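Colleague: I have this one open for the first time. Could you walk me through how to read it?

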Amino acid sequence: PAAYTPTAPAYSGSPGFGPPPSPYSDAWSAPQPPASSPQDRTAPNPRRWWGLTVAALAQLTVVLQAGAFSISLPLVSRSLGISSDGLSLLVQIYTVALAALLVLGSHAADLMGRRRTLVIGLVGVAAASALGGLAGGSLLLLCARALQGLSAALVTAASLAVVVADFTVPRERGRALGIYAAITGGGSALGLFAGGWLLENLSWRVSLYAAVPVAVLLLICALTLPQDGPARSEPDFDVVGVLLGSGGLVALSWGLTRAGSQGWSDGLALGLLVVGAPLFAAFLWWRSRASDPGRPLPSVKDADRLGACLAMVLAGAGLFALLPSLSFLLQQVLGYSPAAAGAALLPLVAGLAVGSTQVSARLQTRMAPRVLIVAGLVVLALGLVLLTGADGAYPARVLPGLLLAGFGAGVALVPIFATATSGFSPHRPGAASSAVNAAQQAGAAIGSALFAGVLVTRLGPVSGTGDGISKAVLSGCATTLWWAAGSVLVAALAAGLMITARPRTSR
C-alpha cells in the first residue's frame, strides 16, 4: 500500500461508508485533494536521514556564522576603524538581506528544487565568508555581509524544506523536527561560544575564514543528495504571498534593527514598523489559509497554522532576547571572557536538545500539539524569570534558568514547526515552510531590538564606572528578561486558544 500522507485531510467517516477506496491508495487512506496524483503518495525517501544530516549541518553553519560575527563586532570596529554607525549598518544589511530573500527562497526550493537551492546557498556562504575575511575596509565587509544574509536565507529555506518533504510519517517527522529545532534554537549559543574562542585564540578574520572549508564540505555532501525537480502538481507561484511576506519582513526587520541601534524615536524606524507590521500580519493570515501556493482555501487548519506562527514570533522574541542579554551580563558584570561567556550558555543548548529530541519528538504522536506547546512555553517562561535574578551566582541562579529555558524551548518548538508546516502538498515543502521561517526571523528581530532598546534606556542616564554601570546592566538585563518572559506567556496563550489539532497517529 502507498505510504500514509500526514498532510492529507483526515477522513471522518466510518469504514464501509463514504466513497470507495481509490486503486492508488489503501482502503483506510484519506481522500486526496483533486490536484494530487498517485505520485504524491510515494514511499519515503530512502536517503532521508542523510538529507537531514546535510540540511541540519548547513543550517547550523549559517547560525554559527551569524553568532560568531555578532560577538566579533567590537574587534572588527577597532581593526578597520569602523564607527558605531558603521557597525549598525553591518548588522542592518545582514538582517535586511536575509529578510528580503527568505520567503522567496522558500518558494525557490519548490520551483528550482531543494538540492539546487541548498547548493546555491552554500556557495554563497563560502564566498561571503572568504570575502569578509579579506575585507580591508567597511565597503567590502558590507558587501560580504549582504551576501551572507542572502545566502543564509537560501540555506534556511532549503533546509527546512528538505525536512518537510522527506519526512511524512509522523513518528519520523517528529524526530527530524526535533533535531532541526535543537539546531535552530541552540545554534546561536554555539555560535557565541565558537566565535568567542576563535577571537581569543586567533582573530576575527579566522572566525570568518573558518566557515569556508565547512561550507565547501557541505556543498560536496549536498551534491550527493537525490536530484529533485520543481513541484510536479500545478507549479503556481504565490505572487501575493511573496510580496506580502518579503515586504513585511524586510520593513519589520529593518525597522526593529534600526530602532534597536538608533532609538525608538527614529522616524525611519517608526515608519518602517508602521508599514511592516500590517504587511507581515497579512502575510501570516494569507499563508495560514493556503493549502497550496496561490490557492487560499479556508479550512479548520487555518487557526492551527496561524496560531503556530504567532507562537513562533512571540516565543522567538523571548528566546532571542535571552542570548544577547545574558551574554552581555556575563561579560560586563561577571567579567567573563567572550569564550567563557559562550561556554556558560551551552547548558541552554543541552536542555534544548533533550527537550526537542528526547521528549517532544517522542510525544508528538501521543499528545495534542497545543499541550506540548503550552507546557514547553510555560517552562521556558519560568526559566527566563529565574534568570532575572542572575546577579553573580552562576551555579545557583544562571544554570537552572538556562536548563529550564532550553528544555521548555525544545519541547515547544517541535510541535510549532510540525503544526505550521502541516496540510500542504508534499511536493510544495518550500511553501509550507515559508510562514514559519518568516515568523522565526521576525521573532529574532523583535528579540534583538527588545534587548538593545531596554539596555540603552537603562544605561542612558548612568554615568561613571564600577558599581553604577554594573547595577544598570543588571537592571537592563533583568527588565529585558521580564519582557521576554511576558512575550513567551502571550505565545502560550495564543497557542492554547488557537491550535485545536489532535495528535498525529504514527504509521
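Colleague: What is the average pLDDT of the protein, and where is the pLDDT below 50?

Modeller: Keep in mind that this is a predicted model. The protein averages a pLDDT of 78, and 81% of the residues score at least 70. Residues 1-42 have a pLDDT below 50, with 47 contacts in the model beyond near neighbours in sequence. The stretch 292-300 is also below 50, and there the model has 21 such contacts.

Colleague: How many helices and strands are there in the protein?

Modeller: The protein has 17 helices and two strands. Of its 507 residues, 56% count as buried. Take the contacts between residues at least 6 apart in sequence: 81% of them join residues at least 24 apart.

Colleague: How do I read a pair of packed helices, say α3 and α5?

Modeller: Two packed helices are described by the angle between their axes and the distance between the axes. Here, α3 (residues 84-111) and α5 (residues 138-166) pack at about 30 degrees, with axes 7 Å apart. The crossing of α3 past α5 is right-handed. By class, their contact has 19 nonpolar residues, five polar and one charged.

Colleague: Now single residues. Is serine 159 buried or exposed?

Modeller: The cut-off for buried is under 20% relative accessible area. Serine 159 has 0%, so it is buried. This serine lies in helix α5. Leaving aside neighbours within four places in sequence, serine 159 is in contact with Ala55, Ala58, Gln59, Leu118 and Tyr180.

Colleague: What about glutamine 262: which residues does it touch?

Modeller: Not counting residues up to four places away in sequence, glutamine 262 touches Asp85 and Ser88. Glutamine 262 and serine 88 are 174 residues apart in sequence, yet 8.6 Å apart in space, C-alpha to C-alpha. Glutamine 262 itself is found in helix α9 (residues 239-262). With a relative accessible area of 34%, glutamine 262 is partly exposed, because that class runs between 20% and 50%.

Definitions and conventions. Residues are numbered from 1 along each chain as its sequence is written. This is a predicted model: local features need pLDDT of at least 70, side-chain atom pairs count only at pLDDT 80 or more; totals for chains, interfaces and linings use all residues. Side-chain values use heavy atoms; hydrogens and water are left out. Axes are lines fitted to C-alpha atoms, for helices over the stretch in contact, and angles run from 0 to 180 degrees between N-to-C directions. Helices (H or I, at least four residues) and strands (E, at least two) are DSSP runs, numbered from the N terminus. A crossing is left-handed if the near helix is turned anticlockwise from the far one by less than a right angle, and right-handed if clockwise. Ala, Val, Leu, Ile, Met, Phe, Trp, Tyr, Cys and Pro count as nonpolar, Asp, Glu, Lys and Arg as charged, and the others, Gly among them, as polar. pLDDT is the predictor's confidence in each residue, from 0 to 100. Contact means heavy atoms within 4.5 Å. Buried means under 20% relative accessible area, exposed over 50%, partly exposed in between (1.4 Å probe, protein chains only).
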